[in-house]
Amino acid sequence: MKFVVEEIKELLRKGAYRKMRRLDRPQASRTVIGGKECVLLSSNNYLGLTEHPEVKEAAKLAVDSWGTGSGGSRLITGNYALHEDMEQAIACFKRTEGAITFGSGYTANFGVIQALVNRGDVVLSDELNHSSIVDGCRLSRAEVKIYRHKDMEHLEKILGQTKEYRRRLIVTDGVFSMDGDLAPLPDIVKLAGQYDAFVMVDDAHGTGVLGRSGAGTAEHFGLEDKVQVQMGTLSKALGSAGAFVAGTRELIEYLRNKTRSFIYSTAPAPAAIGAALAALRLVERQPEIREQLWKNARYLRTGLKNLGYQVPYEDSPIIPVLIGHAAKTMQLAQALLEAGVFAPGIRPPTVPEGTCRIRATVMAIHSRDDLDQALSAFDRAGRKAGVI
Ligand SMILES: Cc1ncc(COP(=O)(O)O)c(C=O)c1O
């Protein structure tokens, strides 16, 4: 296995070697990294629910009632009443006929895309879609056509060339994970109608965050009944782990029978489902948590712009601070950490070459003090790294 050592050397040489940072405290508005307390601006725990007493209590209660594991796949021995309660709650939240849960967003995407399309079909996928979608497309054996990011003319042109395919699936992130921008869903569903395609939205970052009741991107645009496959995760705003697809009763029945990552994988652990269920109830009951998230996001975004950073105008809790060059970006991330803020630098292949950035994410639990400290760190670190 000499290649392993050689590949690692090559990654180091290219500056593409990935390292994990260890957190020594949980995901609150501040955490401890390398013995130093810092404002946490890197978590997808948008509503701060991983530390919410009701959510933690529900996880403990689920363990007391159902044990620590599910013991098998949903179709064999792992189907607890708790899983079915969760699916009903998701269907209610999304106002669909049904829902199906998965162990993670990654396995949901790659399994569901494989289940929906096959040889003889075509998938049209936004070029900035999440890697789990990319992998699902690759594994599906369908023809994969990539359209330029949110470019509806390009999507229409490709759709016009797909008449000979049996099924046409358009798949997109609802909120793009590295830029925080929204998919142009009204245009996408219109084109889908014109070209007899169906639409799948990955709402990992929209669930609990967007829409009047937090139900996500489709609700934000009032298009709940036009997106046939609504995927979301339990791992981000819902503060747990796992994922779901919501849709018609027939779709859910189909996915239960056809999705390999559902059929051949142990059912999600009770603690994860119990926690997510309590988080979902909080999203429904306490819209003020979501409102606080939006206030915080606007405050940080405006502050960063005022400091002279290049921050796109999208209104989202994901705030990409564009730097461009990889080495400069990593230098800024390090300077930020030294100044008491953890906001990671993102490089290719996660983002396109030349668009390296600091990906700052805001949480509802950040106080004004946390955000002011973060802004002052961005000011000092940006000058030190020579980017503002
Ligand atoms: C857009 C998107 N889809 C899917 C996933 C995968 O979800 P999970 O982390 O639950 O596997 C992520 C998370 O990283 C994501 O950002």
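## Two domains

Two domains make up the protein chain: domain 1 (17–46 + 287–385) and domain 2 (53–285), with bounds that come from an automatic or database domain assignment. This is a predicted model, in which local features need pLDDT of at least 70, side-chain atom pairs count only at pLDDT 80 or more, and totals for chains, interfaces and linings use all residues. Residues are numbered from 1 along each chain as its sequence is written.

The domain centres, taken over C-alpha atoms, are 27 Å apart. Where the domains meet, 17 residues of domain 1 are in contact (C-beta atoms, placed from the backbone, within 7 Å) with 14 residues of domain 2. On the domain 1 side, α12 (287–307) and β10 (318–324) each give two or more residues; helices (H or I, at least four residues) and strands (E, at least two) are DSSP runs, numbered from the N terminus.

## Around the ligand

Now to the ligand: 14 residues surround it, and S104, G105, H130, S177 and A204 are the closest. Here a residue counts as near if its C-beta atom, placed from the backbone, lies within 6 Å. Helix α4 (residues 105–116) supplies the largest share of this shell, three residues.

## A helix pair

Helix α13 (residues 326–338) and helix α14 (residues 368–385) have axes that come within 9 Å and cross at roughly 135 degrees. Axes are lines fitted to C-alpha atoms, for helices over the stretch in contact, and angles run from 0 to 180 degrees between N-to-C directions. K328, Q331, L332, A335 and L336 of α13 make the contact with A377, F378, A381, G382, K384 and A385 of α14.

Note on methods. Contact = placed C-beta atoms within 7 Å.
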